[in-house]
Amino acid sequence: MLTIYNSLTRQKEKFQPIEPGKVRMYVCGITVYDYCHIGHARMILVFDMAVRYFRFRGYEVNYIRNITDIDDKIINRSLENGEPFNELTERFIQAMNEDFAALNVLVPDREPRATEHIEQIIAMISRLLENGLAYQAENGDVFYDVSAFEGYGKLSGKNIEELRAGIRVDVQDVKTDPVDFVLWKMEKPGEPAWDSPWGRGRPGWHIECSAMAVHCLGADFDIHGGGQDLQFPHHENEIAQSCGAGSKTFVNLWMHNGFVRVDDEKMSKSLGNFFTIREVMARYLPEVIRFFILSSHYRSPLNYSDGHLDEAKAGLTRLYTSIRDIHPGEGEISTDYRQRFKRVMDDDFNTRAAITVLHEIAGEINRLDDKSSAHAACLARTLIGLGDVLGIMQLAPAEFLRAGAGNTGIPTEEITRLIEERAQAKAKRNYAEADRLRTQLSEQGIILEDNPAGTTWRRK
């Protein structure tokens, strides 16, 4: 039985979908005003892994991951750039898709954009007004009345009175209560706006996700996910909005992945330790990044550093090296390893333990005397098949081992030429020249491995 930690109840629960055999899951996606960073990568890969595992378990998954293409950050960046907001968002949506494709992220079943769901957003705000849970302020903005919703704070554990005490009230604040949050903002000069019953304006960030989730998955669905930073206020406000507009529970199970730290410090641009996915992929293969992120349990803090990425590369290299000389063919995979993998993944998606199982398979392969045996082929198929559930081990071993740490380094053609020169030197018994060429390649990060069939190579 698959158990998942529910952020709402703060405990692991047996997963029981609303409709047997089917999973409806919504994950808060990217606000597209800049390149995606390593924190985004963790969130995206965690839920990509979850979708893959649900499907491995035989579930039919309807996976929705939205795009926030209108909010304050987008508007501010477009004004700074002197660029229309929709051109800005299209540019970064394209960049986001390129990054995610490189990381082997599955395309969601639907990827709704906020600007394409203004009608649904307005309809939900209208229901909240009708139900007495929202009001229009003197300046025209529409706010959610937090005090009118019983149970506000149950996801995050926040207390309304403590929240009020901690808010610095602006003398120009038009809200009835400092904890209230905006649903619809009235139009300002130079900002994009849409018609509404309350005047031209644009939606608040929180209402966008509520409207898109309910529109795509129905009033109540199985799983809502996102980064831990979204638990409050974003997801707390989604519950208040959606339940206030007619959902019973809105979401049965909430999943949140842990924060990313850089060398044990919080990642931030001000500290100079902020890395985009593209910057990291320039130095490490995308599959190494994926392997690194999934080597930790999704709820634990993830400490990013070059040293940890180097360890991940070494670990992934060991897996690929174990099957380098094996032709896996087609057929069944090991039932024993499959069950062991399933057992640890059923425990709240324990990818750290699942990767340990992959290393155990590689260890057994390495101990085999006959790499051409049917047993070796079965183990290789098992390693590749279970790796696929995590989105790894899908390259040909030679392709991975020769790829190196990104797109830099000595070209393959030059490596091939030097290996041929070394072979000619050895044939002429010029061992000093052969050693010199080996050293030259080693200094450029190329490891040569001689065997009866010839010389193979890989990058350090």
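**Starting with the salt bridges**

Mentor: Let's begin with E98, which is partly exposed because its relative accessibility is 41%; the cut-offs are under 20% for buried, over 50% for exposed and partly exposed in between, using a 1.4 Å probe and protein chains only. Keep in mind that this is a predicted model, where local features need pLDDT of at least 70 and side-chain atom pairs count only at pLDDT 80 or more, while totals for chains, interfaces and linings use all residues. Residues are numbered from 1 along each chain as its sequence is written, and side-chain values use heavy atoms, with hydrogens and water left out.

Trainee: Which residue forms a salt bridge with E98?

Mentor: R278 does, with the closest N and O atoms 2.5 Å apart. R278 is in helix α8 (residues 277–281) and E98 in helix α3 (residues 85–102), so they sit 180 residues apart and link distant parts of the chain. Helices here are DSSP runs of H or I with at least four residues, strands are runs of E with at least two, and both are numbered from the N terminus. For a salt bridge, a side-chain nitrogen of Lys or Arg must be within 4 Å of a carboxyl oxygen of Asp or Glu.

Trainee: And what else does R278 meet in a salt bridge?

Mentor: D99, at 2.9 Å from N to O. That pair also ties helix α8 to helix α3, so parts 179 residues apart in sequence are joined. D99 counts as buried because its relative accessibility is 2%, while R278 is partly exposed at 29%.

Trainee: How many salt bridges does a search of the whole structure find?

Mentor: 33. One of them joins R299 and D348, with the closest N and O atoms 2.8 Å apart. R299 is in the loop between α9 and β13 (302–304) and D348 in the loop between α11 and α12, so this pair ties together parts that are 49 residues apart in sequence. D348 is buried, with a relative accessible area of 0%, but R299 is partly exposed at 32%. There's also a network of salt bridges linking D48, R52, R290 and D388.

Trainee: Changing topic: is H256 buried or exposed?

Mentor: Buried, because its relative accessibility is 6%. H256 lies in strand β10 (residues 251–257).

Trainee: Which side chains does H256 join in polar contacts?

Mentor: There's a 2.8 Å polar contact with S7 and another of 2.8 Å with H235. A polar contact is a pair of N or O atoms within 3.5 Å; within protein, one must be able to donate a hydrogen and the other to accept it, and residues adjacent in sequence count only if both atoms are side-chain atoms. Leaving aside neighbours within four places in sequence, H256 is in contact (heavy atoms within 4.5 Å) with residues including L155, Q228, Y298 and R299.

Trainee: What about the nonpolar core, which residues have the most contacts inside it?

Mentor: In the largest core, of 127 residues, they are I4, F54, F349 and L390. Of this core, α1 supplies the largest share, 12 residues. A core is a set of buried Ala, Val, Leu, Ile, Met, Phe, Trp, Tyr and Cys residues joined through side-chain atoms within 4.5 Å. Not counting residues up to four places away in sequence, F349 touches I4 and F54, among others. A second, separate core has 9 residues, among them I415 and W457.

Trainee: What do the buried residues of α12 pack against?

Mentor: α1 (38–56), α9 (286–294), α10 (306–322), α11 (335–345) and α13 (374–389). Its own buried residues include A354, L358 and I365. The 17 residues of α12 (residues 351–367) should span 24 Å, and the end C-alpha atoms are 25 Å apart, which agrees; the expected span is 1.5 Å times one less than the number of residues.

Trainee: And what covers the buried residues of α13?

Mentor: The cover includes α1, α10, α11 and α12. After α13 comes G391, with a positive phi near 80°.

Trainee: Last one: how many residues of strand β3 are buried?

Mentor: 8 of its 10 residues, so β3 (residues 22–31) is mostly covered. β3 runs parallel to strand β4 (residues 60–68), joined by 8 bridges; two strands pair if DSSP finds at least two bridges between them. In that pairing, R24 stands opposite N62.
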